[in-house]
Amino acid sequence: MEPSPNQPFVRTVLGDISPDAMGLTYSHEHIIIDESYPTLGNPLFLLNDVEKVVEELQRFYEAGGRTMVDTMPADCGRNVLKLAEVSRRTGVHIIAPTGIHLEQYYLPNHWRYAYTEEQLTQLFVADVTEGIDAHDYNGPYVERTPHKAGMVKLATGDEKITAHQEKIFHTVVNTHKETGVPILTHTNFGKHSLDQAKLFDKMGADLKHVVISHVDRYQDIEYNRELLQTGVRVELDSAFRWKEEVNWTYKFLEALLPDFPDQITMGMDAAKSSYWLSYGGKPGLNFLLTTFKDNLQQMGLGNYYENIFFKNPAQLYAFCK
């Protein structure tokens, strides 16, 4: 369903849709990771077999899933042509990213360091408004596809936010302000998420359209309460990762979901083939539709399922202009 003129919209790889058409949404995934510098360091990151990806996403669709947000941004395994093919074949809406990931996923002489704030902003804006490069900025030619980015990403690591990362913040917020595109961030186990939120607020980003990922890995409920009090959105994705230790994703939800029902989204962040049934791994991408849904009900939080997977993503991922 295409949005009406002058109405909010969500930008997918196959075109713009109404937020209401998103349906059940996973807010942080890695659908395609093509051969790239990150996969050289960790072969489990390689998720480029279209047939296997289609198989996994068909299961997701058959179980009621309708939208996934892919989070591998520029020049670190992004392949928008494969994303578009998977979307066509499965019926799953896919939101593709622009922006930049952690420094560790790029060579030390990568263009991210040499380009100015203005140059990076131009690249990201073009991904959103014109179409993502078929060669993913591996150059020397840029061949823009019809498939546009519907989200812009940045990342911070273990260290405090660096001067280079602050440049990336500026380019991401510039892109957000110019186009209305929503923002998604990576944190390492939730570290510096509050600093991210404060910096976005200082730069004038609309925090209702900013989501900070992986915060359920930060084992401090009061810190995360303070984070949510800023008004930013958050994404949790470790419910299936906890082993013998306490499941902090569930602790987070029990403590904070009733107070902040409109700010929490979830995904799998299943960036390794060992998590995919179609690659011979487990638990498979349907975990949140099955085991987790049952667990949420058992915790007495089942009435929030609609917020987490329908209402909140539809608000978050709508363009804000």
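Tutor: Let's start with burial: buried means under 20% relative accessible area, exposed means over 50%, and partly exposed is in between (1.4 Å probe, protein chains only). Bear in mind that this is a predicted model, where local features need pLDDT of at least 70, side-chain atom pairs count only at pLDDT 80 or more, and totals for chains, interfaces and linings use all residues. Residues are numbered from 1 along each chain as its sequence is written, and side-chain values use heavy atoms, with hydrogens and water left out.

Student: Why is Lys153 called buried?

Tutor: Its relative accessibility is 0%, and the cut-off for buried is under 20%, so Lys153 counts as buried.

Student: What does Lys153 touch?

Tutor: Contact means heavy atoms within 4.5 Å. Not counting residues up to four places away in sequence, Lys153 touches, among others, His28, His30, His101 and His186.

Student: What makes the pair of Thr71 and Lys153 a polar contact?

Tutor: A polar contact is a pair of N or O atoms within 3.5 Å; within protein, one must be able to donate a hydrogen and the other to accept it, and residues adjacent in sequence count only if both atoms are side-chain atoms. Here the backbone oxygen of Thr71 lies 2.7 Å from a polar atom of the Lys153 side chain.

Student: Which feature does UniProt place at Lys153, His186 and His214?

Tutor: The unreviewed UniProt entry has "binding site" at these positions. They are spread over 62 residues of sequence yet cluster in space, with a largest C-alpha distance of 13.6 Å. UniProt positions are given in the numbering used here, feature names are shortened, and annotations may be inferred rather than shown by experiment. The unreviewed entry also gives "modified residue: N6-carboxylysine" at Lys153.

Student: Are His186 and His214 buried or exposed?

Tutor: Buried: His186 has 12% relative accessibility, and His214 has a relative accessible area of 5%. His186 touches His214, and Lys153 as well.

Student: How many residues line the largest pocket?

Tutor: The largest pocket is lined by 23 residues, and those nearest its centre are Phe45, Tyr105, His186, Arg241 and Asp269. On a 1 Å grid over the protein atoms alone, a pocket is an open set of points where a 1.4 Å probe fits, with protein on both sides within 12 Å along at least five of seven lines; lining residues have an atom within 4 Å of a point. Lys153, His186 and His214 are part of this lining.
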